[in-house]
Amino acid sequence: MNAHSKVPANGKPIHVEDQNETTKMAHETTLLDPRFYTTDFDKLDKTDVSSVRAEWDVLIEQMKSDPNKGHFKRTEAWDDIDLESLPEGLRKELVDFLVSSLTAEFSGCVLYKEMKRRGSNPDIKELFSYMSRDEARHAGFINDSLKDFGIGVNLGFLTKAKKYTYFRPKFIFYATYLSEKIGYARYITIFRHFEKHPEKRFHPIFKWFQEWCNDEFSHGEAFSLLMRSDPKLLSGHNKLWIKFFLCAVYATMFVRDHARPEFHKAMGIGIEDYDMRVFRITNEITKQCFPLLLDIENPKFLKRLQRMNRLAIAMGKADNQGGIMGRIKKVGIGAAVAANFAGLYFMPTIKNEIPETSRLVPTW
Ligand SMILES: [Fe+2]
Ligand SMILES: [Fe+2]
């Protein structure tokens with residue numbers, strides 16, 4: 001058995017080699033790919049939300065009412081697309097976008113389902129049952145659009161075979177809060193862009209993004225409440241962790257988006273412009289709980305991200321080159337990435353002294 005195969009409970013080996021290309025893409029876990037997470041479920045189960053009870057109950061009531069129950073179904077709006085007519089480069093990057101989004105959605109689904117399954121705390125169980133319900137819908141809807149290309153991802157295989165990254169509960173809170181809110185900001189920015197430029201909408205899935213992003217917004221609200229229920233998670237040395245996650249999440253998004261030039265060209269949107277719009281929305285939202293914000297309007301911020309992107313491209317080239325020279329180059333580039341990330345991390349941040357409270361309805 002090789003390093004890429006595992007033996008599931010039924011004893012039959014599962015091989016990544018036997019899977020289709022999109023499943024292999026989703027199975028990969030590099031620095032930039034969406035990950036699957038696991039955590040200390042017992043510790044997470046001990047979360048006590050009594051200090052934010054009033055807001056919690058309103059949010060849970062909203063999730064229970066399941067406002068998007070009927071949304072993730074195809075309508076005739078899906079029929080006005082000819083996938084075969086998409087140029088090769090765009091088709092490839094669209095698939096990459098869909099697989100990456102699917103992996104992120106399904107990662108949430110797997111983690112939330114496990115929290116619900118392992119928990120005994122009724123608040124935690126209820127919240128994670130609603131959130132895993134939503135993420136399963138989102139992942140399934142994206143996978144249906146991949147099946148249109150004949151390249152659906154084997155989600156059962158992924159659950160068993162993808163590498164899981166362990167994060168302590170507080171790191172899950174920081175990372176998942178940001179991923180939900182940035183997910184909201186990305187989906188709403190794309191939706192609004194196509195509202196203004198419907199002639200550029202090259203795939204029907206973008207028509208579903210408005211209601212979709214409201215689910216992500218609510219999920220983010222839940223993590224905001226989980227963090228605010230324990231104020232020490234948002235103060236003291238934890239501020240350094242929050243800053244780390246902000247830098248890592250923003251830089252990763254910037255580099256990943258730049259790997260899809262045809263996709264953004266077809267949308268009629270500049271990648272930097274789009275990413276900056278997403279950062280501005282995310283920064284505004286995170287004022288609700290984070291004690292600091294990245295100074296994204298400081299020109300050095302964009303310069304650091306641009307450098308990160310150039311280094312990522314150089315790293316890709318060194319990887320393809322292989323051999324001793326390739327490896328030596330990779331070490332040098334790796335050191336430059338670390339130094340550049342440190343430069344980003346040590347930029348002065350903006351203090352957010354008075355955290356706002358939750359908002360049930362997005363206003364961005
Ligand atoms: Fe989602
Ligand atoms: Fe979500």
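Let's begin with overall size: a compact globule of 364 residues would have a radius of gyration near 21 Å, and the protein, at 21 Å, agrees with that. Here the radius is taken over C-alpha atoms, and the globule rule is 2.2 Å times the number of residues to the power 0.38. Along the principal axes, the C-alpha trace spans about 55 × 50 × 45 Å.

Please keep in mind that this is a predicted model, in which local features need pLDDT of at least 70 and side-chain atom pairs count only at pLDDT 80 or more, while totals for chains, interfaces and linings use all residues. Residues are numbered from 1 along each chain as its sequence is written, and chains are lettered from A and ligands numbered from 1 in the order in which they are written. The mean pLDDT (the predictor's confidence in each residue, from 0 to 100) is 91, and 93% of the residues reach 70 or more. Over residues 1-9, however, the pLDDT is below 50, and this stretch has 14 contacts beyond near neighbours in sequence. Two residues are in contact if their C-beta atoms, placed from the backbone, lie within 7 Å.

Now to the fold. The protein has 13 helices and 6 strands; these are DSSP runs numbered from the N terminus, with helices (H or I) of at least four residues and strands (E) of at least two. Among contacts with a separation of 6 or more, 79% join residues 24 or more positions apart.

Next, the interior. Of the 364 residues, 34% count as buried, meaning that 20 or more other C-beta atoms lie within 10 Å of the residue's own; 12 or fewer makes a residue exposed, and in between it is partly exposed, with C-beta atoms placed from the backbone. The largest nonpolar core has 71 residues, of which L102, Y250 and A251 touch the most other members. Its largest share, 12 residues, comes from helix α7 (residues 169-196). Such a core is a set of buried Ala, Val, Leu, Ile, Met, Phe, Trp, Tyr and Cys residues joined through C-beta atoms within 7 Å. Beyond its neighbours within four places in sequence, A251 contacts L305, M308, F341 and L344.

Helix α7 is mostly covered, with 20 of its 28 residues buried.

E221, in helix α8 (residues 209-228), is buried because 27 other C-beta atoms lie within 10 Å. D66 lies in the loop between α3 (53-64) and α4 (88-118) and has a positive phi of about 50 degrees although it is not a glycine.
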